[in-house]
Amino acid sequence: MDSSTSNFMKGIPALTSGKKYSTPTNPLTGTNSTPNPKHQQEQQQQQQQQQQEQLIGPMNKLMGPMNNMGSQPPMNNQLVQQMVSQTRKPMQQSTSEGNSIFSATDDNVIMKQVISTHLPDGTDVDVKPLLNIVEDILKHATINADPISSSAHTDGDKLDDKPHHTNAVVMLNSLSHIIDKLANEMALKCLTGGDGHTTALALFHTVGNFHWDAKLVLTLAAFALNYGEFWLLAQIYSSNHLAKSMAILRQVPSIMEHTAPLKPRFNALNKLIHSILELTQCILQFKELPSMYITPDMPALASAINIIPTAVYWNIRGIITCASQIANLTSMGHEYGISSTELQSWELSSITLKINHIHEFLRQQLENCRQVVGDKKEIEFRRSFNQLFETNHIDNMKILRILINPRDNMQPLFDGSTKKRVSLEVLRRRNVLLLISGLDMSNEELSILEDIYGESRIQGTRMDALYEIVWMPIIDPSVQYTDAMDRKFEEMMNRMPWYSVSHPSLIERPVIRSIGDRWHFRNKPILVVFDPQGRELSPNAIHMMWIWGSNAFPFTSIKEEQLWKDETWRLELLVSGMDQTILNWIRDDKYIFLFGGDDIEWIRKFTTTARAMATAARIPLEMVYVGKSKKKESVRRAISTITLEKLSYCWQETTLMWFFWRRLGSMLYSKIQLKKADDQDPMMQQIKKLLSYDKEGSWALLSKGSKFLTNGHGSTMMQTPADFDVWKEHIPSKGFDLSFTDYHDKLHVEANNCCRFEFPIAAGRIPNSMRCPECHQLMEKYIAFLCCHDHTGLLEPY
C-alpha cells in the first residue's frame, strides 16, 4: 500500500453513546443437541420450536417488533412470508446523522461491545491477496449444489497459479495461525450451540489488534477453510478413496444424495456468501482511496467510517450463520437439514437482506467518495495539461502516453492497414495528427479523409510518409457505453486505414475534459497536429485538410497563412480537384453556372432560362448543380430529376456535394481560427455570401473560366437571364460579362435580401460578432434550435 493510500481503517474512533445501531442479537443460531434416531421426529419439532423462539426477540430488533408470535407453532409458509416482508422495509437515512440509517429503537450495547474489542497495535496487513484466494475457494465451493455438476466442474477448470496466490504466501507465514484459530473457534461455537453474537464477540477478541478490514478478511478466510473442505469432499469423494472415507465421517454422501429438498437452503446460502463477498470488497475499496484527494472529515467518507464497524460486525455474523448451516448438516445429517430447510432458508434470506442494505449504503458513499477524488484529479490534471505543451520534450511519447493511457504496457493502438494491435512506439518521433471525434463521423467525412490520406501514401514506404493519423474516439463520460456503441466503434475502427485507439476507455475522463478546454472539441471532428518532439503545431488542422489536403503539411498556422496569401477568389478554389469535367470547362474558358437549392420548379425554370440566354447571346455555357449543405433526401430527389430530364450536369454522389459545402465552411472557420476574418477582405465576403445563400434557398454563381462574375439569390439570378432582351443592348459596348453583372447587381440591390449564418455549438469556435456581407452592418445574434428533418428552426433572440 503506497503512502498516498487512505489509512482511515487504522483509526476509526469508538462510537459514542449518541450513535445508535440496529442490534439484532441472534438472527441465526445453531443447536448443540444431537437427534436420537428413535425419537428423531419429536426432537426435530422441539428444535424448530426452540429456534423460532430464539429468533423472535432478535428479529424484533433487526426488522421491527412482531407481536403475538411467542406461542406460535413451527413456522408455515404464510408466517415466513410475513417475516421476510418485514425485512424489505428500506432503512431510512437521518438528515442529521449520516450514519443513523442503521438505528433502531434499542440502545447500542452490542456495538459498544464490539468496539471495546478493537485494540489495534499498528499492525497493517494488505489483505487483498488473501481475499483473492478466499474468493477463488468460495467461487468453486458455491457453484452448484448438484453433485454431478459439482464434480464435473473440477475436470473443466484448469488450475491457475495466479500471481496473488504467490503474493499471499509470505503474508500467510505470519497469519496462518490466526486463521486456524478463528476456524477452530468458529467450528466449536457452531457445534456447541453458541449464539451468533457471542461467537462474533469471541472472534473479534481474537483479531482485536487488527484493523477492521483485516478482521473481516481473516474471519472470512477461516470460514473458507472449513467451507472449502466440505465442498472439496463433496466434489471428489466419488473418485478418491481417502476423500470418500473422510466424507463418510462428515455425512457428505448422504447430504449430496438428498440435494433436491436442500436446494432452497443451498441457494439461500450461496446468495448470502455472495452478499458477504460484495460487502467485503466494498469495505476494502475505501482503503484504496488516495488520501491526497480525500480526507476522513469529508461527509461521504465520514459516514462510511462510522458505519464500517457495523458493516464488519454484520458480515461476520453472516459468516457465522453460513458456518452454522454446514456444521448442522454435517453433525445432524440430511434428515435434520431437510426438516428445517424452510426456517433455515428464511434465516439466511433475512441476514442477506440486512447485509445488502448496509452494502447499498456503503456503495453509495464509495461512489460519492470516488466522485470527489475524480473531480479533484480532473481539476489537477486540467491545470497541468496546458503546462505540458509549454515544456520541451525530446520526443512525442510523454504527451501521447498522457492522451492515450496504455495501461499495463498493453498495445493501445490498432493499425488499420495490418488489422493488428501495436504499441505507441510506432509513433515515436513522427508527425502525428490526432483525429478526435465521436462515433458519429459521417460516411462523407471518412470517405474524403481516406482519399486524402491515401494520396499522401501513393509513393514510398510508411516511414517515408509525411505524417501519421491516429483516431481518438471520444465518448461522453456521463453516457453509459452500450453494445450498440461498441459495434459502431468497431465498424468505424475497422474501416479506417490509419491508426486508432483500440478502445474508447483508454481515453480517460480528465483527458476528454482537457481536450475540450484546450482544443474546443465539442462533437465535430478536429485534427490536432504534433511534430516529432510533441510540439503542438495546430489546434485544429481539419479545415486545412479539407481545403488543401496534404499540401497543407506541416499544418502550422504559418503554413495556413501562407496558403491563404497565395490564394485568389477563383472557381478552382471552390471545386478544387473534385471533378475533372469542371476543370476542363475552366481550361476552355467557358461560362459556368454553379447553382444550388432543392426547389425543383426553380431548377427547371432557371436551367431553361439560362440555356435560352446562352443560345441567344451565343456564348458557351455549362451548368453544374451543387445541392445543399443539408436536407440530403430532397437533394437526392433533385439529382434524380435533373438527371432524368437532362436539365444540367450534376454530381451523382452526394459525398462530393458534402465536400463542396464542407470546404466552403472550412474556409470561413480557417479565417476565424487565424483571426483573419476581416470584413474588408473581398474573398471573405464572397465566402460568407455563398454560405448565406445556402441557408436561404435557391442561388446561383456565374464565372467565365476561373474568374467569378457575380452571384446572388435564386430570384435575381433567375430574373437576369429572363430579362436578357432588356439588357442585351449593352453587350456591344460593355461586353456580355459586364452587362450581365451590372443588370444583376441592380436587381440584387433592389431585392434587399437578408443574410444569415449558422455556427453549430459543436463546432467549438464561434465568432463573437459578424458583419453582413451585403450591407456591412453588424448582424444580430440568435440561438437556433434546428431539427435534422428540416433546415428551418425555432429562433430565439440571443
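On the face of helix 22 that is turned away from its buried side lie the exposed residues Gln580 and Arg587; exposed denotes over 50% relative accessible area and buried under 20%, with a 1.4 Å probe and protein chains only. Helices (H or I, at least four residues) and strands (E, at least two) are DSSP runs numbered from the N terminus. The model is predicted, so that local features need pLDDT of at least 70 and side-chain atom pairs count only at pLDDT 80 or more, while totals for chains, interfaces and linings use all residues. Residues are numbered from 1 along each chain as its sequence is written, and side-chain values use heavy atoms, with hydrogens and water left out.

The buried residues of helix 22 (residues 580-587) are Ile582, Trp585 and Ile586. They lie on the same side of helix 22 because they cover an arc of only 100° around the axis, taken from the directions from the helix axis to the C-beta atoms. Their cover includes helix 21 (571-575), strand 8 (591-596), strand 9 (621-625) and strand 10 (649-650). Just after helix 22, Asp589 adopts a positive phi of about 60°.

Strands 9 and 10 run parallel and are joined by two bridges; in strand 10, Cys650 is the bridge partner of Tyr625.

Definitions and conventions
Contact = heavy atoms within 4.5 Å. Pairing = 2+ DSSP bridges.
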